[in-house]
Amino acid sequence: MQRETVLTTDDLIWPLFVTQGSGVEDPVKSLPGVSRWSVDGIAQRAREAVELGIPCIALFPNTPSGKRSEDGAEAFNPDNLMCRAIKAVRDACGTDIGILTDVALDPYTSHGQDGLVDETGYVLNDDTVAVLVDQALVQAEAGADIVAPSDMMDGRVKAIRMALEMNGHPNVQIMSYAAKYASAFYGPFRDAVGSGGLLKGDKKSYQMDPANGDEALREIALDIAEGADSVMVKPGLAYLDVIWRAKQAFGVPVYAYQVSGEYALIEAGAAAGIGDRDALLMEKLVAFKRAGCSGVLTYHAPVAARLLNG
Ligand code: PBG
């Protein structure tokens, strides 16, 4: 009766990994309970999301290695895995499901970085932004509702917003990964999209220092000014203070990405007997709501929805 915070299925965004082929379910070893699905399987998962009351899915491709290149050009191929998955979900579910798509080059580059690199491997901000614009446009064209740049280049929100306006997609939203930290919690995701083994070095020249909070507010302010409809803080639980501050400072929809390492820790903890899995995951999810989130990207979305639906 006196509970202040309520978590509902409306708060859940379900990240899904797309792989090539048909009829394929390929389990991700470092993410127990999570699989890569071929396009037909993604459409089935989208139907499952609708039945569970989950309003939105987030798509990430595991690009076949032959299509990864130095310049990540597969990212803006209108017939790539991502675009085919978007269309299949739209065909299967119409407008009953929101489709959020990842804008970044790491699933497409042979070096695993989110952008184009110079000969020393340094990620080139402005050259990358031009490619991200092309990538966002093919996704919008395929039917994405929300494009979500996760690359952390400066200036990309404005460039993508202008391109969407000028190319007939004024209603496609931008959810910006505005405060994304150079985190050790992304390991299983990199396995899932197949970029982990390729990545040389780290992403510290563009992702944030975990020690910084004020900088996160500056990053978020810039992305809102450039036209972001909503912003994300990532990872989740270690950055609840940033979520709180962002919500207080800007009053915009703030989302948390409970990332792969966070999911894997809950599963490993439960398997090791430290507590009840369902109780552990629900406690963490409600914390995001308490901190001010409008929703959470979580691999636990279908499990949480089943628990919430009783
Ligand atoms: C990269 C991207 C990453 C995640 C989402 N988009 C990993 C990275 O920055 O290396 C991580 C998500 C997760 O760990 O669940 N564009």
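**Close-up views of a predicted model**

**View 1. Strand β1 and its partners.** Strand β1 is joined to strand β3 (residues 35–38) by three bridges, and the two run parallel; strands, like helices, are DSSP runs numbered from the N terminus (strands E, at least two residues; helices H or I, at least four), and two strands pair if DSSP finds at least two bridges between them. The model is predicted: local features need pLDDT of at least 70, side-chain atom pairs count only at pLDDT 80 or more, and totals for chains, interfaces and linings use all residues. Residues are numbered from 1 along each chain as its sequence is written, and side-chain values use heavy atoms, without hydrogens and water. Phe-17 has Arg-36 as its bridge partner in β3. Six bridges link β1 to the parallel strand β4 (residues 56–61), where Pro-61 is the bridge partner of Val-18.

**View 2. The two sides of β1.** Eight of the eight residues of β1 (residues 12–19) are buried, that is, under 20% relative accessible area (1.4 Å probe, protein chains only). Leu-12, Trp-14, Leu-16 and Val-18 point one way, whereas Ile-13, Pro-15, Phe-17 and Thr-19 point the other way.

**View 3. Surroundings of the ligand.** The ligand is surrounded by 16 residues, each with a heavy atom within 4 Å. Polar side-chain atoms lie 2.6 Å (Lys-203) and 2.7 Å (Arg-190) from an oxygen atom of the ligand. For Asp-106, a polar side-chain atom lies 2.9 Å from a ligand nitrogen atom.

**View 4. Contacts of Ile-243.** Leaving out residues up to four places away in sequence, Ile-243 touches Val-233, Gly-236, Val-254, Ala-256, Phe-288, Ala-291, Gly-292 and Cys-293, with heavy atoms within 4.5 Å.

Definitions and conventions:
Polar contact = N/O pair within 3.5 Å; in protein donor to acceptor, adjacent residues only side chain to side chain. Buried < 20%, exposed > 50% of the residue type's maximum accessible area, 1.4 Å probe, protein only.
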